[in-house]
Amino acid sequence: MQLGLGFMASKTLLSATELGVFTRLANNPMDGDALSQQLGLHPRSARDFLDSLVALGLLERKEQVYSNTPEADYFLDRSKPSYLGGILEMFSARLYVYWGSLTEALRTGKPQNEIKTGAANPFDAIYSDPGRLRGFLQAMTGLSMNAARAMAEKFSWDRYKSFADVGGAQGGIAAQIAMAHPHLNGIVFDLPAVKPIAEEYVRSLELASRVRFVSGDFFKEPLPKADVIIMGHILHDWNLEEKKRLIAKAFEAIPEGGAFLVLECVIDDERRKNVTGLLMSLNMLIETPGGFDFCGSECCAWMREAGFREARVERLAGQDSMVIGIK
């Protein structure tokens, strides 16, 4: 029953994030009436909605005053750099509806998103709308933040001088690595529409002298030359042939001894434990013509096939891992 009704809890969280519940409460706990008025809730819905968030462990309530739990305060307050709500807002606006067609996707193998109604791919719709693009890029930063910090800590960056984050979005991964390692210079490589948003973000962190943006399409153009190439949540968007093309391009872009870091929600080799990774692969069925998530051993095999002399998996944060290839 918990699994069958899981969509109810999911949409309660997504709607709360969309409404800004946790941002409202971050610095000002308040009673139900005041909170309901600020959120624009109908009197019939307010009490059950707020108390459902209490029961789900997202809010606390003492003497009818609501406040955030520590986790909600850290991850769901829009004013904090640790905000994960951007990706949740995208889930609410897009994926929640599209996942209603999962059965059709399972039977047809075809995407159920904008592609179904004639768009070339979901990225076209996102990248053509500046507002949606900014929200998407911010969402990707929130999604990758903790894994990026772990990547900055766990990889041996002292051996290298430069890196390029391919499909780097707003620059969230690049920023975390550059802040942790002042000797490094980095590149954020993404489509031209991303440039002003990424440069604004990098400037806000006072990293513009060491992290620069390079415009390009990673399928149509060579990747920037660097000691380390990073692809964070990129490979899973593409079919096997396209994955191998990107891995080969990363191999070409780095020198002997250089490294290729693939950040993904890597599925365990037994395909039994990483529920998030497996569900994310189903999400690629919903979202893309051929994308899928993969096990660490599969990615290591693709890297070796491309010429990497060493490939291994290292756990990062949450369900994310990085697959490391050394040329």
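The model is a predicted one: local features require pLDDT of at least 70, side-chain atom pairs count only at pLDDT 80 or more, and totals for chains, interfaces and linings use all residues. Residues are numbered from 1 along each chain as its sequence is written, and side-chain values use heavy atoms, with hydrogens and water left out.

I begin with the chain as a whole. Its secondary structure comes to 14 helices and 10 strands; helices (H or I, at least four residues) and strands (E, at least two) are DSSP runs, numbered from the N terminus. The C-alpha trace spans about 65 × 50 × 35 Å along its principal axes.

Buried residues make up 50% of the 327 residues, where buried means under 20% relative accessible area, exposed over 50%, and partly exposed in between, with a 1.4 Å probe and protein chains only. The accessible surface comes to about 16,000 Å², and carbon and sulfur atoms hold 53% of this surface. These areas come from the Shrake-Rupley method with a 1.4 Å probe; for residues, only the protein chains shown count as cover. Of the contacts with a separation of 6 or more, 67% are between residues 24 or more positions apart, a contact being heavy atoms within 4.5 Å.

I turn now to the strands. In general, strands of a sheet pair through backbone hydrogen bonds, either parallel or antiparallel. Here two strands are taken to pair if DSSP finds at least two bridges between them.

An open sheet is formed by 3 strands in the order 1-3-2, with antiparallel pairing. Strand 1 and strand 2 are its edge strands, each pairing on one side only. Strand 1 (residues 30–31) meets strand 3 (residues 65–68) over 2 bridges, and Met30 has Tyr66 as its bridge partner. On the other pairing, strand 2 (residues 59–62) is joined to strand 3 by 4 bridges, with Leu59 opposite Asn68. Strands 2 and 3 form a hairpin with 2 residues between them, and Glu63 in the turn has a positive phi of about 50°.

Parallel pairing is found between strand 4 and strand 5, over 5 bridges; Val166 stands opposite Phe189 in strand 5. Strand 5 (residues 185–190) is largely enclosed by the rest of the structure, because 5 of its 6 residues are buried.

The next topic is the aromatic rings. A pair of aromatic rings is described by the distance of the centres and the angle of the planes. Rings of Phe, Tyr and Trp (its six-membered ring) pair if their centres lie within 6.5 Å; planes under 30 degrees apart count as stacked, over 60 as edge-to-face and the rest as tilted. The count comes to 11 aromatic pairs. One of them is Phe155 with Trp157, edge-to-face at 4.9 Å centre to centre and 75° between the planes. Phe155 counts as buried because its relative accessibility is 7%; Trp157, at 1%, also counts as buried.

Another pair, Phe260 with Phe308, is stacked, at 5.9 Å centre to centre with 25° between the planes. This pair links distant parts of the chain: Phe260 lies in strand 8 (residues 259–264) and Phe308 in the loop between helix 14 (296–306) and strand 9 (310–315), 48 residues apart. Both Phe260 and Phe308 are buried.

Phe155, Trp157, Tyr160 and Phe163 form one aromatic cluster. Within it, Trp157 occupies the loop between helix 9 (130–154) and strand 4 (162–166). Which residues does Trp157 contact, leaving aside its neighbours within four places in sequence? Among them are Met151, Phe163, His181, His183, Val228 and Leu261. The C-alpha atoms of Trp157 and Ala259 are 10.0 Å apart, although 102 residues separate the two along the chain.

The charged end of Lys11 sits over the ring of Tyr96, 5.5 Å from its centre, and that of Lys243 over the ring of Phe292, at 3.7 Å.

Beyond its neighbours within four places in sequence, Ser281 contacts Phe292 and Asp293. Ser281 counts as buried because its relative accessibility is 17%.

Definitions and conventions:
Lys NZ or Arg CZ within 6 Å of the ring centre and 35° of its normal.
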